[in-house]
Each structure stands twice: as structure tokens, then as C-alpha cells.
Amino acid sequence: MNKKGWLTVFVAVMVPLGFYLVTKQFTVAMPAHFIPDSVITKMKDGKEVSDTVWHRVANVQLQNQLGDTVSLDSLKGKIVIIDFFFTHCASICPILTRNMRHLQDALKLKDYTKRVDTTFVKFLSLTVDPEHDSPPVIKKYADRYGVNSDVWWMLTGPKKTIYDFALNELKLGIQDSVSVDSNFVHTDYVVLLDRDRVIRGYFHGTDTAAMAKMADDIVFIMLERDKHRKSTLFDQLKPLLIPIILVLLLTAIGVIYFSRKKLS
């Protein structure tokens, strides 16, 4: 085989092999899962393996700023960002709402400039003073802060429903025992849910660095393979990539060798 033939084989094999190895080497650590419900132990290929069942946030049904009854169940397949506020709050709520608005606008800007679909994210802000914060009141508050109702619902409803959701489903009392109790929820924590409504992070919404970290985690979660999606042919062949490349290498060498032998 001449030098040109060997170079062709080398490039044909090493480029995809190198891409595979680099991708594998620099795999990004995905955002963690929070709040395990149970651990299931089972046998797989003769070995005992453990699988954590993560807490899946239950459905909640409330009214948004437009007066529409909405629910988590209607957001199937979306990444959800949740925070808590009340309209006459003069301390953390305005900062929290402005930071959420900046994230809303950043995603919308990306939608326009990159021509990508950013509707996979939904913002939810639940009032912790629903006796005062009726739909018209939170609509006025939403308009003041530039809330886009297409991607961001500000929600009100029965106080017990909202507080049960905050304490028992989002587990905010565990994360912020100082600012959260059964009498009043006044926290700057923002909760990130993945497509399966599993908690993937708690972030201080008044901290711009924490919000930037959450924005990165949203992208990583978006790139995760959907467990409910059927695997593609590439997904099935991925573990066999190196053996396939080696077979192609040997085949290429054989073809070139026998071609030269035939010519000689």
C-alpha cells in the first residue's frame, strides 16, 4: 500500500474515532437530582444494581393572571421554573421578579437570534398571599414587570393548596428552614423541574450568579435524552461505534491490499 492509500485509511478511521473519544472525555456533569423517594434493588446481567426513584412533583391546579385555570399537568414535556412572591412585598420579591424577567427576556432573545425553540421552558410564580392577590391584582403586577403570559404564569388560588405544594411537593422547608414554614413562605429560592417534574436544583433567585447557573442547567437538561422517547438507530449503535470503526479499517486495508495485488 502506498503512502496515499495509508493516509486515506488513517483519516477515514481516526477522524470519527477521535471525535468519539473527545466527546466521551469531555462529557459534562449533568444537573443533580433532588429528593429521592425510594431505592429499588434488582438483578441485571447477574449483578445486583440499585435504582433511585426520585420524587416527582404532584400536579397543582391554580388560576393565572388572565383568570384561566391552569395546571402542571398541562405542561407535559416542559422544563418548569417555580418561585414564590406576593404583590405588596417590598424586600426580596421585586429583585426576584426582575431576575426572572431577565431570564425570560434572555430566552426570548435567543429565540429570535438563534432561531431555536425556547418554548420548552415555563415560568411559574405562585403568590403566598392569595387572599390579597386575586387574578386582577397579579395581572397588574405582571404587567408592571414585563411578564409574558405565554411563557410565564403568575398564579393564585387557595392558600392551603399553594402552601401544601411548596412544603410537601417542592420541599422548600427542607431547603430554607429560616424563611419557610406552614404560616408564611417568604423565600428567594427558585426551583427547577425537568420534563418529568423531578427537582433538579434550588437556586437563590436574588443572586444573579445563581440564576446564570440555573440558565446553564436548563440547557443541559434540555439536551438530556428523553427517557420516554424511543431510542434511535444511532443510540442503539453508539456502544458498537469502536468495533464498527475497526471493522471498517480492516475492510479498507483488505480492499486496498487485494486491489494492489490484482494490479501487480
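1. Start with helix 6, residues 208–223. This is a predicted model, so every value below is computed from its atoms. Helix 6 has 16 residues, and at 1.5 Å a residue they should span 22 Å. The end C-alpha atoms lie 23 Å apart, which agrees with that expectation.

2. Now look at how helix 6 sits. Which residues of helix 6 are buried? They are Ala210, Met211, Met214, Asp217, Ile218 and Ile221. These residues cover an arc of only 110° around the axis, so they share the same side of helix 6. Turn to the face away from that buried side. There you find the exposed residues Thr208, Ala209 and Leu223.

3. The N-terminal end of helix 6 has a cap, aspartate 207. One of the side-chain oxygens of aspartate 207 lies 2.9 Å from the backbone nitrogen of alanine 209.

4. Glycine 205 is in the loop between strand 9 and helix 6. Is glycine 205 buried or exposed? Its relative accessibility is 0%, so glycine 205 counts as buried. Asparagine 99 is 106 residues away from glycine 205 along the chain, yet their C-alpha atoms are separated by 6.8 Å.

5. Strand 9 covers residues 199–204 and holds arginine 200. Arginine 200 has a relative accessible area of 2%, so it is buried. What joins the side chains of arginine 200 and aspartate 194? A polar contact of 3.0 Å does.

6. Helix 3 runs over residues 135–144, and its buried residues are Pro135, Ile138, Tyr141 and Ala142. They cover an arc of only 125° around the axis, so they sit on the same side of helix 3. The face turned away from the buried side carries exposed Pro136, Lys140 and Arg144. After helix 3 comes glycine 146, with a positive phi near 70°.

7. Two other backbone angles deserve a look. Most residues other than glycine have a negative phi. Isoleucine 35 is not a glycine, but its phi is positive, about 60°. Isoleucine 35 is in the loop between helix 1 and strand 1. With a relative accessible area of 17%, isoleucine 35 is buried, because the cut-off is under 20%. Lysine 171 also is a residue other than glycine with a positive phi, near 55°. Find lysine 171 in the loop between helix 4 (159–169) and helix 5 (172–175).

8. Go back to the loop between helix 1 (3–25) and strand 1 (36–44), where histidine 33 is placed. At 33% relative accessibility, histidine 33 counts as partly exposed. How far apart in space are histidine 33 and histidine 55? They are 9.0 Å apart, C-alpha to C-alpha, with a separation of 22 residues in sequence.

9. Next, lysine 122 in strand 6, residues 121–127. The C-alpha atoms of lysine 122 and isoleucine 82 are separated by 8.6 Å, and the two residues are 40 residues apart along the chain.

10. Phenylalanine 120 belongs to the loop between helix 2 (92–114) and strand 6. At 16% relative accessibility, phenylalanine 120 counts as buried. Lysine 76 is 44 residues away from phenylalanine 120 along the chain. Their C-alpha atoms are separated by 9.7 Å.

11. Last, the empty space inside. Rolling a probe the size of a water molecule over the atoms shows where such space is left. How many cavities of 30 Å³ or more does the structure hold? It holds two. The second largest cavity has a volume of about 40 Å³.

12. What lines the second largest cavity? The lining is made of Val60, Gln61, Leu62, Val70, Ser71, Leu72, Leu124, Trp153 and Leu155. Strand 3 (61–63), strand 4 (69–71) and strand 7 (152–155) are the elements that give two or more residues to this lining. By type, the lining residues divide into seven nonpolar, two polar and no charged.

Conventions:
Residues are numbered from 1 along each chain as its sequence is written. This is a predicted model: local features need pLDDT of at least 70, side-chain atom pairs count only at pLDDT 80 or more; totals for chains, interfaces and linings use all residues. Side-chain values use heavy atoms; hydrogens and water are left out. On a 1 Å grid over the protein atoms alone, a cavity is a set of points where a 1.4 Å probe fits but cannot get out, and a pocket is an open set with protein on both sides within 12 Å along at least five of seven lines; lining residues have an atom within 4 Å of a point. Grid points are joined across faces, edges and corners, and a volume is the space filled by probe spheres set on the points. Helices (H or I, at least four residues) and strands (E, at least two) are DSSP runs, numbered from the N terminus. Ala, Val, Leu, Ile, Met, Phe, Trp, Tyr, Cys and Pro count as nonpolar, Asp, Glu, Lys and Arg as charged, and the others, Gly among them, as polar. The expected span of a helix is 1.5 Å times one less than its number of residues. Buried means under 20% relative accessible area, exposed over 50%, partly exposed in between (1.4 Å probe, protein chains only). The arc is that of the directions from the helix axis to the C-beta atoms. A polar contact is a pair of N or O atoms within 3.5 Å; within protein, one must be able to donate a hydrogen and the other to accept it, and residues adjacent in sequence count only if both atoms are side-chain atoms.
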